[in-house]
Amino acid sequence: MKKKRFRKLMICYWVFWLAGIGLFWTRNINDYLIPFSVGYFIIGLPLASIVVSMLMVSSRIINKGRWILIFFFGVMYMLADYLTFTLANMRAFHKWSWPDLDSFLIGAACALIGLFIGTVLSRHAKRH
């Protein structure tokens, strides 16, 4: 049961993650760059990281390995930024650059918030 729920949550996150990257590269979003950035990088992806990590911890899908979620969501947020705007800039200016560590910290912070909320909900459910 836990493995099925884990897979479902991860598939939902991956679909959302890939959909944003796919939307960036397949659509002409030059007119919608700011709404895309706000919707995907400021609202959608952090919220998805918080919700998925919270659900995994609160429903006890991950017990001992919960700290790996911080690293995972940090890397995924960093890769989303790298595979969209950074890659577009590298293509436009023919200059290679490393992934931005700040993006990793944003994704890791969102996962940490989700872990905290999930732990609080889990402990509250245990008591009642």
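Setting aside neighbours within four places in sequence, Leu 69 is in contact (heavy atoms within 4.5 Å) with Ser 53, Met 56, Val 57, Ile 62, Ala 111 and Leu 115. This is a predicted model, so local features need pLDDT of at least 70 and side-chain atom pairs count only at pLDDT 80 or more, while totals for chains, interfaces and linings use all residues. Residues are numbered from 1 along each chain as its sequence is written, and side-chain values use heavy atoms, with hydrogens and water left out.

Leu 69 also turns up in the largest nonpolar core, a set of 28 residues where Tyr 13, Trp 17, Tyr 40, Leu 45, Met 56 and Leu 69 have the most contacts. Such a core joins buried Ala, Val, Leu, Ile, Met, Phe, Trp, Tyr and Cys residues through side-chain atoms within 4.5 Å; buried means under 20% relative accessible area, exposed over 50%, and partly exposed in between, using a 1.4 Å probe and protein chains only. Helices here are DSSP runs (H or I, at least four residues), numbered from the N terminus.

How do α2 and α3 sit against each other? The axes (lines fitted to C-alpha atoms over the stretch in contact, with angles from 0 to 180 degrees between N-to-C directions) of α2 (residues 33-58) and α3 (residues 68-93) come within 11 Å and cross at roughly 165 degrees. The two are therefore roughly antiparallel, a label for angles over 145 degrees.

Thr 86, also in α3, is buried at 15% relative accessible area and touches Asp 81 and Ser 97, not counting residues up to four places away in sequence.

Technical notes:
Angles under 35 degrees count as roughly parallel, over 145 as roughly antiparallel, 65 to 115 as roughly perpendicular and the rest as oblique.
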